[in-house]
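Hello,

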Amino acid sequence: MTTTADKSIEFLKGVGPQRAELLQKELNIFTFKDLLHHFPFRYQNRLEFHQVVDLTTSEYAIQVIGTLSLIREVGAGRSKRMYARFSDSSGAIELVWFQGIQWIKPLLIPGEKYLLYGKARLFGSNWHVAHPELTPFKEIDKRVGYQPIYSSTEKLTAKGLHSRGIERLVQNLWTIISNEIQETLPQYLLEENHLLGAKEAFQKVHFPNNEQEFHEARKRLKFEELLLLQLELNLKKVRLKQETAGWVFEQVGDVFTTFYEHYLPFPLTEAQKRVIREIRKDLRSGKHMNRLLQGDVGSGKTVVSLLVALIGIGNGFQAAIMAPTEILATQHFIGMQELLKNMNVEVALLTGSTKIKERRRIHEGLQKGGIQLLVGTHALLEDVVQFNSLGVVIIDEQHRFGVAQRAKMWKKNTIPPHVLVMTATPIPRTLAMTFYGDLDVSVIDELPPGRKPIQTIHRFEGHRLRLFQFMRDEIALGRQVYIVYPLIEESKKMDYMNLMSGFESISRAFPLPQYAISIVHGQLSAADKEYEMQRFVKGETQIMVATTVIEVGVNVPNASVMIIESAERFGLSQLHQLRGRVGRGAEKSYCILMTGDKLSKEAKKRMATMVNSNDGFEIAEVDLQLRGPGDLMGTQQSGVLDLKIANLSKDGPLITLARDLAIQILEKDPQLIQSENSLLRATMIEVLKTKPNWGKFS
């Protein structure tokens, strides 16, 4: 049965077919319910009134009661403008409209009194207001107080659906839908958390009388949105644990023990030991492990991943480690092969560049069980790659892989292998609870002893000669230098030109035979990249000029200087990742951020954050505030971002509360079948009915 909330927005008074099509395309508003959930993003205090004679600044919006006169149109087509005179007893203001004239003009009546609201600007000796909001005098009571401001677009504004126009639609909607709004949360949750009821919350979020009302309304609606999201994520986790069996690794095994006691080249930190204990508990539970491992740059995730792989191997299974790039996969392979050289463990590398003959050998070795540890790239996902008994999969830099790609590894055994996903990009706690709420999370929050903090310096182009001298001094001490240029998809050609121009400049300043320079970028073949990388790794070149292909996977302890060109074009997370390529040896290391002289406020904040902090989690919190969760996490997790009112950047306490409550509720009532949760169950069924694979819950 179709309810009022489900009706097409086309049939709301003031919309019609043309506006409906625009609302759908511009704001994803298809139904009455969608409009009800199009919440104001801020409010304007409309309690203060002005007179024209009082205007002294153009810094804020004004409210004036006066009379409209002399409405006229000038120009034609795109140059068309509409002007009007607006005056009170103390003076006059000129009003001007550039868009939506055909919608606005019929609503204006010369000689009538209006409440004018808008930002006044002084041109010469006259005040002007562009696209003012005009409210008939008889309706002033509706406009005094706190006015909601709705997001709109240029195309909607041209059709009269600016913020005020959308507000009129919401008012029309409220008269016909308010009595049909049903409660969606149990009474005990409302009482325990001091929340408004659903109808009252919707009324006060759209039509508040004071500041307290819209704060209370937004709290209730944010809480519901976050609670339902956390219930969805944790229901998924509960179902995975209940319905997905996992291989039982009864013991750590002789392979792990032998390596740990005899060949581990350094003692583990307490954080690494804690994480391994958490993973070990998963592996012997009989339930499928689905765990995220977070750790800052250089915290030792790679050795943890190897130890987890060895637990699987010691229990008679194979292990796979998947990385997003050939450089990183090769780095892992070389490092692990070296660590395991005195042990009877066969390791293989499979990437897109693997030769056909070697590829066949690997396929055969995997199927017969001779290859126990496979390291590789997306090539591991190919259907032809079949294991004898795959028990554990480790995915490094997991954000580079889509969910569907990761899921392919599940099908490599009759019972899905245990999955550990890792990231060197610290994730703020609120985002980890949201984006990865269906995973168990482990954090390595301690760096190995002896690692010196990297000194980060911000320099402008005018310091170039001093920078070159600093590089010469470091190279004279036997050190090596990275110089990294941006690489952004939309401007590959320009970026390539910048890289080559920079390479030529560096080559002139550091000529052969005294200096040797490597260059690595996306247009090189995999073999050429590897050749150039190895020259740098072996110390045959002192300078590596590169794009961000060296962001992960490059470990050169002798490199002590990281220079990031056009640093203002990088996000904080990427800057931190690049900085982590140095500081891996015993010598003091430096990261130099080179920028142009003119920086935006946000770019200045990023540079200052990098200079002042080496803590990846602290940097991630700043990044979240600056960029928001969507940009920070990328598009692969965009389904989680379907939030109408909650803000993952700002609502940390509410996210934590919602998470804790969701866990408590599901611990007591995993299927939400208790009477007190009947309303919550009905709401969840409504939420999940469009999601795949949720039929069993409903």
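**What I found around Glu-474**

Glu-474 belongs to helix α17, which covers residues 464-476. Glu-474 is buried but has no salt bridge. Its nearest side chain of opposite charge is Arg-479, 4.3 Å away, and a salt bridge here calls for a nitrogen within 4 Å of a carboxyl oxygen.

Arg-479 does have a salt bridge with Glu-587, where the closest N and O atoms are 3.2 Å apart. Arg-479 sits in the loop between α17 and β17, and Glu-587 in the loop between α20 and β21, so this pair ties together parts that are 108 residues apart in sequence. Arg-479 counts as buried, at 17% relative accessibility, while Glu-587 counts as partly exposed at 39%.

**Other salt bridges**

The whole structure has 25 salt bridges. One of them joins the side chains of Arg-164 and Glu-133, at 3.9 Å from N to O. That pair links distant parts of the chain, helix α6 and strand β7, 31 residues apart. Both Arg-164 and Glu-133 are buried. There is also a network of salt bridges that links Arg-274, Glu-278, Asp-282, Arg-291 and Asp-445.

**The nonpolar cores**

Which residues touch the most other members of the largest nonpolar core? They are Leu-227, Leu-231, Leu-374, Met-409 and Leu-680, out of 52 residues in that core. Helix α9 (residues 211-243) gives the most to this core, with eight residues. A second, separate core has 42 residues, including Val-303, Phe-333, Leu-340 and Ile-394. Going back to Leu-680, its contacts beyond four places in sequence include Thr-184, Pro-186, Leu-227 and Ile-665.

**A strand pair**

Strands β1 (residues 42-45) and β8 pair in the antiparallel sense, over four bridges. Within the pair, Gln-44 stands opposite Gln-147 of β8. Tyr-146 and Pro-148 point one way from β8, with Gln-147 and Ile-149 pointing the other way, and all are buried.

The average pLDDT for the protein is 86, and 90% of the residues score at least 70. Over residues 634-640, though, the pLDDT is below 50, and this stretch has ten contacts in the model beyond near neighbours in sequence. Where pLDDT is low, the predicted coordinates should not be read in detail.

Best wishes

Technical notes. Residues are numbered from 1 along each chain as its sequence is written. This is a predicted model: local features need pLDDT of at least 70, side-chain atom pairs count only at pLDDT 80 or more; totals for chains, interfaces and linings use all residues. Side-chain values use heavy atoms; hydrogens and water are left out. Helices (H or I, at least four residues) and strands (E, at least two) are DSSP runs, numbered from the N terminus. Buried means under 20% relative accessible area, exposed over 50%, partly exposed in between (1.4 Å probe, protein chains only). Lys and Arg count as positive and Asp and Glu as negative; His and the chain ends are not counted. pLDDT is the predictor's confidence in each residue, from 0 to 100. Contact means heavy atoms within 4.5 Å. A nonpolar core is a set of buried Ala, Val, Leu, Ile, Met, Phe, Trp, Tyr and Cys residues joined through side-chain atoms within 4.5 Å. Two strands pair if DSSP finds at least two bridges between them.
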